[in-house]
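Please open the model in a viewer and keep the sequence at hand.

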Amino acid sequence: MATTIRELARMKRDGEKIPMVTAYDYTAARIADAAGIPILLVGDSLGMVVLGYDSTIPVTMDDMVRHTRMVSRGASNALIVADLPFMAYQVDANEAMRNAGRLMQEGGAHTVKMEGGVAIADTVRRIVDAGAPVMGHLGLTPQSVNALGGYRVQGRTRETARRLLDDAVALQDAGAYSVVLECVPSQLAKVITERLTIPTIGIGAGPDCDGQVQVFHDMLGLFADFVPKHARRYATLSDDIAVAFRQYADDVRAGAFPDESESFTMNEALLSDLLDG
Ligand code: KIV
């Protein structure tokens, strides 16, 4: 059954936890969708794990539209959420609406995600009123890494915790249907989750959020050298891939690949004719 934002609201009401993963291309989307993951996030984290930048800041609207299109072609049931990248919604509300429209019309996203709280609430309201559902994103908001002074846990002081709570309520009041809480102390995430009627989706925000999101490359072990504290590895694909590549190279060098079953043949008489000629 296709996931809708109504279904997510029901899951929160019924206390059913919501799993979400990032996906950046057709193949990954097909696998995650077939595995029954109800929400796929085309995160601007693709800037780091796919495009090789050292932050999400260089990611463009064209990058997001291209990858969202790949994911939406691969998924038949999952709700597709696409990130509006840095400066695609901060300049003015009209541009934000046009860009949300691009992710949905050209990319095939069902909803968009935006980082920020009170400061973007009016823009969220305009986009929601235009018919585009919005997921918020609070706490560690990677597009503001330079303003935050690094990738660090947010909301540990009385003042920042209060601000996070106000931001969450502002997003809900503006019509957001869900909020991601990234790198927020578990106790604060629990308070926010209990305070809101819309589902919270945590990443590094403890077990009490209504759902959890993980970055594809982190959970599958595609980065050999770095695992964030909030990630759990469910596979070590970079090791498996390296083993496969080494085996393949050995087989080619030894003349063991390809064998007959992996090759094509032609009519022998035709071949003799060709050689005679
Ligand atoms: O871009 C992304 O992958 C995200 C998640 C970390 C929530 O925003």
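A residue is called buried when its relative accessible area is under 20%, exposed when it is over 50%, and partly exposed in between. The model on display is a predicted one.

**First stop: an aromatic pair**

Select Tyr-248 and Phe-257. Their rings form an aromatic pair in edge-to-face arrangement, 5.8 Å from centre to centre and with 70 degrees between the planes. The count of such pairs comes to one. Is Tyr-248 buried, exposed or partly exposed? Its relative accessible area is 47%, so Tyr-248 is partly exposed. Phe-257, with 36%, is likewise partly exposed.

Pro-258 belongs to the loop between α11 and α12, the latter spanning 268-276.

Now select helix α11, residues 237-253, and find Ser-238 within it. Ser-238 counts as buried because its relative accessibility is 18%, below the cut-off of 20%. Apart from neighbours within four places in sequence, Ser-238 is in contact with Gly-221, Leu-222 and Ala-224.

**Second stop: helix α9**

Select residues 186-195, which make up helix α9. Which residues of α9 are buried? They are Leu-188, Ala-189, Ile-192 and Thr-193. These four lie on the same side of α9, because they cover an arc of only 135 degrees around the axis. In an α-helix there are 3.6 residues a turn, so residues three or four places apart point the same way. Gln-187 and Glu-194, on the other side of α9, are exposed.

To see what covers the buried residues of α9, display α1 (5-14), α8, β6 (178-182) and β7 (200-203), which are among the covering elements. Lys-190 also lies in α9 and is partly exposed, at 35% relative accessible area. For a view across the model, draw a line from the C-alpha atom of Lys-190 to that of Phe-264: the two are separated by 61 Å, while the residues are 74 apart along the chain.

Select Leu-40, Leu-84, Leu-103 and Leu-181. Among the 72 residues of the largest nonpolar core, these four touch the most other members. Helix α8, residues 158-173, gives the most to this core, with six residues. In soluble globular proteins, nonpolar side chains tend to be buried together.

Centre the view on Leu-84. Beyond its neighbours within four places in sequence, its contacts include Met-61, Leu-103, Val-112 and Ile-127.

Select the ligand and the residues around it, including Thr-22, Gly-43, Lys-113, His-137 and Glu-182. A side-chain N or O atom of Ser-45 lies 2.5 Å from a ligand oxygen atom. For Asp-44 the corresponding distance is 3.1 Å. Asp-83 places a polar side-chain atom 3.2 Å from an oxygen atom of the ligand.

**Last stop: two positive phi values**

Select Met-87, in the loop between β3 (79-83) and α5 (93-105). Its phi is near 70 degrees, a positive value in a residue other than glycine. Met-87 is partly exposed, with a relative accessible area of 42%.

Finally, select Cys-183, in the loop between β6 and α9. Cys-183 is not a glycine, yet its phi is positive, at about 50 degrees. With 13% relative accessibility, Cys-183 counts as buried.

Definitions and conventions: Residues are numbered from 1 along each chain as its sequence is written. This is a predicted model: local features need pLDDT of at least 70, side-chain atom pairs count only at pLDDT 80 or more; totals for chains, interfaces and linings use all residues. Side-chain values use heavy atoms; hydrogens and water are left out. Buried means under 20% relative accessible area, exposed over 50%, partly exposed in between (1.4 Å probe, protein chains only). A nonpolar core is a set of buried Ala, Val, Leu, Ile, Met, Phe, Trp, Tyr and Cys residues joined through side-chain atoms within 4.5 Å. Contact means heavy atoms within 4.5 Å. Rings of Phe, Tyr and Trp (its six-membered ring) pair if their centres lie within 6.5 Å; planes under 30 degrees apart count as stacked, over 60 as edge-to-face and the rest as tilted. The arc is that of the directions from the helix axis to the C-beta atoms. A residue is near a molecule or strand if one of its heavy atoms lies within 4 Å of it. A polar contact is a pair of N or O atoms within 3.5 Å; within protein, one must be able to donate a hydrogen and the other to accept it, and residues adjacent in sequence count only if both atoms are side-chain atoms.
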